[in-house]
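Me: I'd like to go through the labels used for a structure and see what stands behind each of them. Could you take my questions one at a time?

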Amino acid sequence: MIIKDILERAATELKDADIDAPVLEAGALLCYVLKKDKAFIYSHKDYNLSESITNEFFNLIDHRKKGKPFQYIVRQQEFMSLNFIVDQNVLIPRQETEILVETVIQYCKTRSKVNILDIGTGSGCIAVSLAYYIKECSVTAIDISEEALNIAKYNAVANG
């Protein structure tokens with residue numbers, strides 16, 4: 001199948017499943033599978049995809065139609081302009097939480113050395129973002145879940 005036909009079919013399936021942005025999500029999932037950017041898929045609409053790539057793509061579309069969050073499918077979410085790995089072991093970072101982080105960053109500008117404790121760190125998005133943007137701070141992140149801590153550790157290293 002060619003990219004144009006695959007995207008149309010996927011968008012229709014997502015729309016029928018009441019996904020809010022079916023065209024956007026179909027394109028983003030195809031970018032993920034192909035490991036290409038949007039410019040590639042929209043400038044190569046007649047590009048013929050292999051059967052294995054097509055099957056992989058529609059497998060992800062099926063997961064999305066069943067309600068699996070997009071971020072869990074692609075295993076990432078941007079937060080505070082940083083990239084975080086996420087899966088079912090952690091909550092997906094929310095844009096509203098960025099307001100909290102920005103407030104803490106502003107508060108810390110008026111302090112010299114700050115110690116921060118993030119309880120229930122999950123993906124580590126709050127702790128990592130604070131450590132990234134506040135140079136004079138010490139951040140301790142804890143969680144009861146070993147799986148969540150492993151993800152937080154990965155995200156901490158990946159974001160420096």
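Me: Why is Ser81 called exposed?

Reply: Happy to start there. Exposed means a relative accessible area over 50%, buried means under 20%, and partly exposed is what lies in between (1.4 Å probe, protein chains only). Ser81 has a relative accessible area of 61%, so Ser81 is exposed. Before we go on, please keep in mind that this is a predicted model, where local features need pLDDT of at least 70, side-chain atom pairs count only at pLDDT 80 or more, and totals for chains, interfaces and linings use all residues. Residues are numbered from 1 along each chain as its sequence is written, and side-chain values use heavy atoms, with hydrogens and water left out.

Me: What makes the phi of Ser81 worth a remark?

Reply: Most residues other than glycine have a negative phi. Ser81, in the loop between β1 and β2, has a phi near 65°, a positive value in a residue other than glycine. Arg75 also has a positive phi, near 60°, and is found in the loop between α5 and β1. Helices (H or I, at least four residues) and strands (E, at least two) are DSSP runs, numbered from the N terminus.

Me: How do you know that Arg75 and Asp87 form a salt bridge?

Reply: A salt bridge is a side-chain nitrogen of Lys or Arg within 4 Å of a carboxyl oxygen of Asp or Glu. For Arg75 and Asp87 the N to O distance is 3.9 Å, a salt bridge. Arg75 lies in the loop between α5 (70–74) and β1 (76–79) and Asp87 in the loop between β2 (82–85) and α6 (95–108), so the pair ties together parts that are 12 residues apart in sequence.

Me: Are those two partners buried or partly exposed?

Reply: One of each. Arg75 has 39% relative accessibility and therefore counts as partly exposed. Asp87, with a relative accessible area of 11%, is buried.

Me: What makes Glu13 and Lys65 a link between helices?

Reply: Their side chains meet in a salt bridge at 3.1 Å, N to O. Glu13 lies in helix α1 (residues 3–16) and Lys65 in helix α4 (residues 51–65), so this pair ties together parts that are 52 residues apart in sequence. Glu13 counts as buried at 19% relative accessibility, while Lys65 counts as partly exposed at 32%.

Me: Which other salt bridge does Lys65 form?

Reply: One with Asp62, the closest N and O atoms being 3.4 Å apart. Lys65 and Asp62 are 3 residues apart in helix α4, and are therefore separated by about one helical turn. Asp62 is partly exposed, at 31% relative accessibility. Salt bridges that share partners join Arg9, Glu13, Asp62 and Lys65 into one network. The structure holds 6 salt bridges.

Me: Why is α1 called roughly parallel to α4?

Reply: Angles run from 0 to 180 degrees between N-to-C directions, and axes are lines fitted to C-alpha atoms, for helices over the stretch in contact. Under 35 degrees counts as roughly parallel, over 145 as roughly antiparallel, 65 to 115 as roughly perpendicular and the rest as oblique. Here α1 and α4 pack at about 15°, with axes 10 Å apart, and that makes α1 roughly parallel to α4.

Me: Which residues is Glu13 in contact with, leaving aside its neighbours within four places in sequence?

Reply: Contact means heavy atoms within 4.5 Å. On that basis Glu13 is in contact with Phe58, Ile61, Asp62 and Lys65, leaving aside its neighbours within four places in sequence.
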